[in-house]
Amino acid sequence: MSTSLFDLTGKRALVTGATHGIGMAIAKGLAEAGAKIIINDLMQDKLDSAVQEYKSFGVDVAAYLFDVTDEHAVKAHVDKIEREVGPIDILVNNAGIIRRTPAVETEIKDFELVVKIDLIGPFIMSKYVGINMIKRKSGKIINMCSMMSELGRETVNAYAASKGGLKMLTKNLASEWAQYNIQVNGIGPGYIATAQTAPLREPGHPFNNFILGRTPAQRWGDPEDLVGAAIFLSSKASDFVNGHILYVDGGILAYLGKTPQ
Ligand code: NAP
Ligand code: GCO
């Protein structure tokens, strides 16, 4: 099997929210596959420290400060990136937040914020990067979905609605843009050990044991577990894959649950 199928040399990848966590792991993995990496974040100090961390891994990233929900800023920065770095070949819509509150205690403004960042942000990014991909008749877009693109659980209503919507946005953009040789797909991580899930992994937190029992692989995922899927969906190897959500979940979605002892 030719490894050139997975070679990203000469490609430029923009990974949103990649100053740590899943975004950083995916960005480093795409760099190892040959891509030039562009990252963004909301805060300059986080960008600056992330640039140094990437450098310590031998990855020279281009970093831009903008909010994925700010349409004007996104348009301006996509234009600036394509002028300063070059055409964006790969877009990874990774930036996202979560709020965990029971439905009846959820402030509507918090619900709207989660939807804005987790669903509308990826659409804004895809719109402005996609305009140029359509002109070039080439591109890869990867949306960071979730177990909550398929399953519900208490307290994450806004997040599940957003990630369920992101799954369907992925399928819809794939349907509209495949004719331009743009492959739009998603990655659906299981439960991954990052800052976002740190509250759930506190020593003694019941959710920690729950997830270890609910995951056939019997462990939390590492951000690096997602790199192979990201390289596949960024590379020539996925040129005929459209609207697919690739779940990387240690078997959660395949599993009914442990038989009570
Ligand atoms: P994380 O540690 O919370 O990192 C999220 C990143 O997104 C941070 O760098 C954050 O920047 C950035 N961000 C938030 N809002 C932004 C905005 N408006 N504009 C630009 N950047 C923004 O999360 P993670 O665990 O790495 O997860 C990354 C993605 O994977 C998210 O979409 C999440 O929903 C999804 N996911 C996570 C898991 C998991 O188990 N961890 C599983 C499935 C899916 P700041 O740090 O500056 O706020
Ligand atoms: C939660 C977790 C999950 C994970 C991830 C699972 O509170 O249930 O944060 O939502 O972040 O989305 O795929």
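User: By class, how many nonpolar, polar and charged residues does the lining of the largest pocket have?

Analyst: Just so you know, this is a predicted model. The lining of the largest pocket splits into 20 nonpolar, 14 polar and eight charged residues.

User: What makes a residue part of that lining, and which ones lie closest to the centre of the largest pocket?

Analyst: A lining residue needs an atom within 4 Å of a point of the pocket. For the largest pocket, 42 residues line the space, and Asn94, Ala95, Gly96, Ile97 and Gln196 are the closest to its centre. The space itself comes to about 960 Å³.

User: Which elements supply at least two residues of that lining?

Analyst: Helix 1, strand 2, helix 4 (108–136) and helix 5 each do. Helix 1 gives the largest share, three residues.

User: Where does ligand 1 sit, and what makes you say "sits in"?

Analyst: Ligand 1 sits in the largest pocket. The label requires more than half of a molecule's atoms to lie within 2 Å of the pocket's grid points, so ligand 1 must pass that test. The space taken by ligand 2 is the largest pocket too.

User: How many residues are around ligand 1, and which come nearest?

Analyst: There are 30, and Asp41, Lys46, Asn94, Tyr159 and Thr194 come nearest. To be counted, a residue needs a heavy atom within 4 Å of the ligand. That shell holds 15 nonpolar, eleven polar and four charged residues.

User: What makes Lys46 a polar contact of ligand 1?

Analyst: A polar side-chain atom of Lys46 is 2.7 Å from an oxygen atom of ligand 1. The cut-off for a pair of N or O atoms is 3.5 Å, so this pair counts as a polar contact. Lys163 has a side-chain N or O atom 3.0 Å from an oxygen atom of ligand 1. With Val68, a polar backbone atom lies 3.2 Å from a nitrogen atom of the ligand. As for cover, ligand 1 has 900 Å² of accessible area on its own, and the protein covers 93% of that.

User: Which elements give two or more residues to the shell around ligand 1?

Analyst: Those are helix 1 (21–32), strand 2 (36–41) and helix 5 (157–177).

User: Now ligand 2: how many residues surround it, and which are closest?

Analyst: Ligand 2 has 14 residues around it, with Arg100, Ser146, Arg153, Tyr159 and Gln196 the closest. By class, they are eight nonpolar, four polar and two charged.

User: How do you know that Gln196 makes a polar contact with ligand 2?

Analyst: Check the distance: a side-chain N or O atom of Gln196 is 2.6 Å from an oxygen atom of ligand 2. The limit is 3.5 Å, so the pair qualifies. Taken alone, ligand 2 exposes 330 Å², and the protein buries 96% of that.

User: And the second largest pocket: which residues lie nearest its centre?

Analyst: Lys11, Lys140, Ser234, Lys236 and Asp239 do, out of 15 lining residues. About 180 Å³ of space lies in there. The lining has two nonpolar, seven polar and six charged residues.

Technical notes: Residues are numbered from 1 along each chain as its sequence is written. Chains are lettered from A and ligands numbered from 1 in the order in which they are written. This is a predicted model: local features need pLDDT of at least 70, side-chain atom pairs count only at pLDDT 80 or more; totals for chains, interfaces and linings use all residues. Side-chain values use heavy atoms; hydrogens and water are left out. A polar contact is a pair of N or O atoms within 3.5 Å; within protein, one must be able to donate a hydrogen and the other to accept it, and residues adjacent in sequence count only if both atoms are side-chain atoms. Accessible areas come from the Shrake-Rupley method with a 1.4 Å probe; for residues, only the protein chains shown count as cover. On a 1 Å grid over the protein atoms alone, a cavity is a set of points where a 1.4 Å probe fits but cannot get out, and a pocket is an open set with protein on both sides within 12 Å along at least five of seven lines; lining residues have an atom within 4 Å of a point. Helices (H or I, at least four residues) and strands (E, at least two) are DSSP runs, numbered from the N terminus. Ala, Val, Leu, Ile, Met, Phe, Trp, Tyr, Cys and Pro count as nonpolar, Asp, Glu, Lys and Arg as charged, and the others, Gly among them, as polar. Grid points are joined across faces, edges and corners, and a volume is the space filled by probe spheres set on the points.
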